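I open this notebook to record what I looked up, entry by entry. The sequence and structure are placed below for reference.

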Protein chains: 2
Amino acid sequence: MDLDRLDKQMDFITRIDALKSVVRQTALVDRSRQENSAEHSWHIAVMALLLSEYSNAENLDLLRVVKMLLVHDLVEIYAGDTFLYDDEKRQAKEEEERRASEKLFGLLPQDQAIELHTLWQEFEEERTPESRFAKALDALQPVLLGYANKGWSWERHSISKDQVLSHKKPVRIGSEQLWEYLQKLLEKAVKEGFLQD
Amino acid sequence: MDLDRLDKQMDFITRIDALKSVVRQTALVDRSRQENSAEHSWHIAVMALLLSEYSNAENLDLLRVVKMLLVHDLVEIYAGDTFLYDDEKRQAKEEEERRASEKLFGLLPQDQAIELHTLWQEFEEERTPESRFAKALDALQPVLLGYANKGWSWERHSISKDQVLSHKKPVRIGSEQLWEYLQKLLEKAVKEGFLQD
């Protein structure tokens, strides 16, 4: 056994514990607290197992989708989470996330550093069927929570239905069926009074 | 699109948000708080992506391992988490978890209810190479955190090195190499003074 290799892997695994402390602008369904990025990553990975039938592309490599979802937020350990509706900050963040990716994945043995960096890049570039579906789930999940917790984040940040729709295009790119579902959910949220029209 | 099917899936996805509120007897590396079962599931799924080379069995179906790890704790939403070292309570829990599994997975469309129930059972029975490796990771992760947070849980519950070893046999069944690593880690913990010999 190459001890150096295993030590590097275990060091990485211990460090990514920090993702459990990266707080998102989404609350849990019961509104008890804000969600963190590790829980969010788990949630969308389970969604991938259940919803892959709705992908716009056929014959998805499901393992690749799940891998991407499990690692896509790791760069936040160094770069932090950026609120989707904060457009200015999101642009400045790109360079920071690229540096964070090199620093974090560089802790791993080279073959795995390359694998995870490649997965993260594929997710960000949104060009493959797998990354498009993964992005769709990543974008859809906070809307599901937002509806279930009666607009905790939408009310707090005065976000309207049109703003949500304009920021959720990745859902449509990955899945027309889930996009249709999302639109109906937002209409219900407006009708029920916790999302501005 | 079968609306009833998608509604069931989304209802399930919304309900499993509750796993984020199931608290475990493990603290985060920085000791800031206890870990919850959703974060734990994410953490061991990432471990599966990085450590599968150490499985005792060759040619693992990695997607199956990851699926098992993502859903194995879901029954805790109804049954709660049971502390590994509470042997009496753990036996009584088995029947409760079986009922919880039927109730929870029964929310899904039938094909997916069967798939998730089968995955959960396979994990519990520990007979396939995939479930053995999954169990090994599930058992190893709290030891990694325990070492990194300097024995938060071991000190709190007065747990000795022998007690840890006797409860961590699944690691050996899934991976001799990770078992060797675990033993060395516990020896270091004893030497550094936060685990009783």
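This is a predicted model: local features need pLDDT of at least 70, side-chain atom pairs count only at pLDDT 80 or more; totals for chains, interfaces and linings use all residues.

Next I looked up the surface through which the copies meet. Chain B gives 54 residues to the contact, and chain A gives 54 residues. Of the interface residues of chain B, 100% are also interface residues in chain A, so the copies meet through the same surface.

I then turned to the area. About 4,600 Å² is buried between chain B and chain A, and carbon and sulfur atoms give 71% of this. In chain B, the residues that lose the most area to chain A are B:Lys20, B:Trp42 and B:Leu50, which together account for 17% of what that side buries.

Four salt bridges are found across the interface of chain B and chain A. I also looked up the pair A:Lys20 and B:Glu35, whose side chains meet in a salt bridge (2.8 Å, N to O). On the side of chain B that touches chain A, α2(B) gives the most, with 11 residues. By class, that side has 33 nonpolar, nine polar and 12 charged residues.

Last, I looked up one residue. B:Ser131 lies in helix α7 (residues 129-148) of chain B. B:Ser131 is buried, because its relative accessible area is 0%.

Conventions
Residues are numbered from 1 along each chain as its sequence is written. Chains are lettered from A and ligands numbered from 1 in the order in which they are written. Side-chain values use heavy atoms; hydrogens and water are left out. Helices (H or I, at least four residues) and strands (E, at least two) are DSSP runs, numbered from the N terminus. Buried means under 20% relative accessible area, exposed over 50%, partly exposed in between (1.4 Å probe, protein chains only). Contact means heavy atoms within 4.5 Å. Buried area is the accessible area (1.4 Å probe) that two parts lose on being put together, summed over both. Ala, Val, Leu, Ile, Met, Phe, Trp, Tyr, Cys and Pro count as nonpolar, Asp, Glu, Lys and Arg as charged, and the others, Gly among them, as polar.
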